[in-house]
Amino acid sequence: MKITERQKKIVVMFLVFVLSMSSMQITTYAHRAYFLQVLIDEGQMAYLGNLVFDNTQKESKKTEPKLWNYEGEIITNVESYDNLDKDNNGKSSMYFTFPPKPYKEKNILWSNNHATSRDSTRAYEIIDTLIPNLNEILFIMNGGERFETIDELIEASHRLSSSYNSRNSITVDSLGVTISFSSDGHYATIKTKDGKETKLLVKMKKGYKESIYEDGRKSPLFNSEFTFDEGYYSDEISIAHIITQGNYAYYIKGYSAADSLEASNPGTLEIKAAEFLSSMINSFRAFLGLRSTNELVYNQGISGSSMYYYGIMPQVWMENAMKFHMLFQALVWIALAIAMIKLLLEKNLSTINPSMRVSLMEGIKDLILTGF
């Protein structure tokens with residue numbers, strides 16, 4: 001049967017229509033949000049923060065509802081993490097989601113509070129502040145040394161969570177340091193044996209329930225028309241909450257920093273793009289524990305305390321470097337002394353002429369200068 005030009009046009013138009021419909025984005029009715037993901041980095045033996053963009057058709061398919069059903073509990077033992085592994089419909093306020101839940105009025109198909117750049121900016125502020133401060137405190141608790149195993153890290157984190165929750169101080173005998181917490185839980189004070197104090201922010205407001213942040217700034221996320229009034233929801237994230245998510249993800253879900261993309265179920269192209277961007281930006285900032293410009297320039301935070309040597313390196317590292325320096329200085333002076341003795345024996349002062357004597361003195365002077 002011969003195909004006419006009109007039939008060809010109809011087939012082509014049908015294929016173009018199918019391709020156009022298949023390439024169109026599926027309409028989503030769940031509120032667009034960001035999830036603050038916390039994972040344990042097995043390489044650095046520290047906690048890592050990551051921000052995941054959530055854009056799903058159902059609230060229950062978002063990252064946090066799929067992860068757990070969390071109502072702000074502070075877990076201080078491994079056995080209790082199983083209690084968080086429950087179904088979650090994603091319609092109630094969630095601690096690590098920005099905004100914490102969808103807010104709908106008369107509309108039944110869409111939310112009035114989709115996430116914007118303001119939400120992601122606040123989430124990054126919390127990641128860049130609380131997680132480095134948490135890692136700094138754990139570093140100090142471990143005597144200024146890197147943890148050897150994940151079990152050691154989690155054990156220390158449980159001790160920190162317990163002390164934070166009860167507002168009890170922590171004493172690190174090996175460094176002569178005491179870590180205490182303010183009554184409102186917003187700050188940790190690190191006091192050294194010489195009396196110097198450093199304050200670290202350890203709890204921050206997300207900014208949806210209250211119009212003012214903990215530092216006095218006005219929250220651009222606050223909207224009096226939106227209510228997040230569940231009894232369990234405080235709209236605050238502390239280092240204890242961060243510890244709970246990181247440990248739960250590791251023990252119950254088997255997630256670590258190497259699985260940071262798995263929890264968000266991205267497509268192949270998104271994975272490749274995210275891997276590239278993450279390695280260029282987030283990896284350097286989070287994996288290496290890089291600090292803010294102000295902290296580096298003005299020696300603020302923990303870098304400005306006596307725990308650090310002029311803000312360059314931990315005091316423990318400097319003490320070890322000085323030991324190596326003195327050891328090699330001693331070896332150098334021993335080698336130079338042997339060289340001078342050998343020089344004197346080879347050139348007996350009583351048998352050499354004045355020019356050779358001057359040459360000998362110059363040689364000894366050069367050796368002494370080399371030592372310094």
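Trainee: At what angle do helix α3 and helix α5 pack?

Mentor: Good place to start, and keep in mind that this is a predicted model. Look for α3 at residues 117-141 and α5 at residues 239-253. Their axes lie 10 Å apart, and the packing angle is about 85 degrees.

Trainee: Are α3 and α5 roughly parallel or roughly perpendicular to each other?

Mentor: Take the angle of about 85 degrees again. Angles of 65 to 115 degrees count as roughly perpendicular. The two helices, α3 and α5, are therefore roughly perpendicular.

Trainee: How many residues of the contact of α3 with α5 are nonpolar?

Mentor: Let's find them first. From α3 come Leu130, Ile131, Leu134 and Ile137, while α5 brings Ile239, Ile242 and Ile243. Leu and Ile both count as nonpolar. The contact has no polar and no charged residues, and its nonpolar count is 7.

Trainee: Is Asp235 buried or exposed?

Mentor: Find Asp235 in the loop between β8 (203-205) and β9 (236-238). Its phi is positive, near 65 degrees, although Asp235 is not a glycine. Buried means under 20% relative accessible area. Asp235 has 2% relative accessibility, so this residue counts as buried.

Trainee: What is the phi of Arg167?

Mentor: Arg167 sits in the loop between α4 (150-166) and β4 (170-172). With 29% relative accessibility, Arg167 counts as partly exposed. This residue is not glycine, yet its phi is positive, near 60 degrees.

Conventions:
Residues numbered from 1 in each chain as written. Predicted model: local features only at pLDDT ≥ 70, side-chain atom pairs only at ≥ 80, totals over all residues. Heavy atoms only, no water. Axes fitted to C-alpha atoms, helices over the stretch in contact; angles between N-to-C directions. Helix = DSSP H or I, 4+ residues; strand = E, 2+ residues; numbered from the N terminus. Parallel < 35°, antiparallel > 145°, perpendicular 65-115°, else oblique. Contact = heavy atoms within 4.5 Å. Buried < 20%, exposed > 50% of the residue type's maximum accessible area, 1.4 Å probe, protein only.
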